[in-house]
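Hello,

Here is the structure I promised to pass on. Have a look at it first, and then read on for what turned up.

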Amino acid sequence: RRLALAEERHLPAETLDRHRIVLRANVATPAEARAALTTGAEGVGLLRTELPFLSHPAWPTREQHAATLLPVLRVLTGRVVTARTLDFADDKLPPFLARLQGARIGRGLPLMLAQPDAFADQFRSLLSAGADTDLRIMIPMVASVDELRACRRLLEAAATEAGVPMPPLGIMMELPEAVAAADDLAREASFFSIGSNDLTCQILDLDRRDPTAAPAMAAHPAVLDAIARVVTAAHRHDRQVSVCGDAAAHPLVTPLLIGLGCDSLSVGPAALDEVRARIRRLRHDTCASLAAVALTRESPEEVWRLVEQCCPPSL
Ligand code: PEP
Ligand code: MG
């Protein structure tokens, strides 16, 4: 069956009623980047940049950024690369930050903005290492327009200093505060990418390390409602919305995301063939009605049943 799916790699990720979805890959290493291209990804929707530094003793220098970025980005010459800036968090905490635990340093984006020199070094390294790619910069854990503006100032300064054009600057939508501010954020961000892993946990008050926080929980009507708001705000301002959390590849959630109007999905290279095949066997109009009904339900179980009835996951 895997072989049969691989035969569809040259075909577009398009529904039966010809609604096109941009299908990209989540990668962190050169091997994953090569696998993404082999499986027909239209570039990278999420490059995780913090993973090489999780056992690092100090903030990475420009040289250390370059050493980890260049091997991945060389594979992706000429391709769309959505590079996410360092996203240290409870489940991804290097020793130099673990030591500071308890001190009021903040996490995620506030932590980066409190270290503007370290943040600027990553922007400089990305602009230089990504010069031969179609580079987009993505900020994780954004909660407010002020944070986005602070990131923009740092990135603009780095671009001016390097004498290169300012790349598109987008944000991850993975905090309820961002969903509440979606309209203002859409005015100033170049694109949105929904981090369904964090967004689901945040909305449903689940722990990321808890196995019940599985990607299928993104089918909870409260999460779907947040995604619908994000899509509406983005499209009002002509911005594209991607989903780069694991829910994008879950057979019971993919049809809901498409039905809610998400423009793009980004999934691990190993899931690309399956997700493309799933999309090619769906109808967009069916997905849209499905999503509308799902929003009126009370529990994820009810929504899973609905999806099974109207878009059976078997390929
Ligand atoms: C997410 O939160 O959905 C996401 C893609 O980012 P990460 O899993 O790295 O937190
Ligand atoms: Mg996240």
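How many bridges pair S7 and S8, and in which sense? The two strands pair over 2 bridges, in the parallel sense. Helices (H or I, at least four residues) and strands (E, at least two) are DSSP runs, numbered from the N terminus, and two strands pair if DSSP finds at least two bridges between them.

A word on conventions before the rest. Residues are numbered from 1 along each chain as its sequence is written, while chains are lettered from A and ligands numbered from 1 in the order in which they are written. Please keep in mind that this is a predicted model, where local features need pLDDT of at least 70 and side-chain atom pairs count only at pLDDT 80 or more, although totals for chains, interfaces and linings use all residues.

Let me start where S8 meets its two partners. S1 and S8 run parallel and are joined by 4 bridges, and Leu-23 has Leu-265 in S8 as its bridge partner. Leu-265 is also the bridge partner of Val-243. From S7 the chain crosses through H12 to S8, in a right-handed β-α-β crossover (right-handed if, with the strands pointing away from the viewer, the path from the first strand over the helix to the second runs clockwise). Within S8, Ser-264 and Ser-266 point one way, Leu-265 and Val-267 point the other way, and all are buried. Here a residue is buried if 20 or more other C-beta atoms lie within 10 Å of its own, exposed if 12 or fewer, and partly exposed in between, with C-beta atoms placed from the backbone. In general, side chains in a regular strand alternate between the two faces of the sheet.

Next along, S6 (residues 191-194) and S7 (residues 240-243) pair in the parallel sense over 4 bridges, and Ser-193 stands opposite Ser-242 in S7.

On S4, the neighbours are S3 and S5. Strand S3 (residues 80-84) is joined to S4 by 5 bridges and runs parallel to it, with Ala-83 opposite Ile-137. S4 and S5 are also parallel, joined by 3 bridges, and here Ile-137 faces Leu-169 in S5. The chain goes from S4 through H7 to S5, again as a right-handed β-α-β crossover. S4 is largely enclosed by the rest of the structure, because 5 of its 6 residues are buried.

The ligand

Which residues are around ligand 1? They are Leu-46, Arg-48, Asp-87, Glu-174, Gly-195, Ser-196, Asn-197, Asp-198, Cys-244 and Gly-245, each with its C-beta atom, placed from the backbone, within 6 Å of the ligand. Strand S2 (44-48) and helix H10 (196-204) each supply at least two residues of this shell, and H10 gives the most, with 3 residues. By class the shell has 2 nonpolar, 4 polar and 4 charged residues; Ala, Val, Leu, Ile, Met, Phe, Trp, Tyr, Cys and Pro count as nonpolar, Asp, Glu, Lys and Arg as charged, and the others, Gly among them, as polar.

Helices and loops

Helix H13 (residues 272-280) has Leu-272, Asp-273, Val-275, Arg-276, Arg-278 and Ile-279 as its buried residues. These pack against helix H1 (2-6), strand S1 (22-27), helix H12 (254-259) and strand S8 (264-267), where contact puts the C-beta atoms of two residues, placed from the backbone, within 7 Å.

Ala-291 lies in helix H14 (residues 284-294) and counts as buried, because it has 24 C-beta neighbours inside 10 Å. Not counting residues up to four places away in sequence, Ala-291 touches Leu-224, Leu-256, Gly-259 and Leu-260.

Two loop residues other than glycine have positive phi values. Arg-18, in the loop between H1 and S1, has phi near 65° and counts as exposed, with 9 C-beta neighbours inside 10 Å. Met-141, in the loop between S4 and H7, has phi near 55°, but is buried, with 24 other C-beta atoms within 10 Å.

Best wishes
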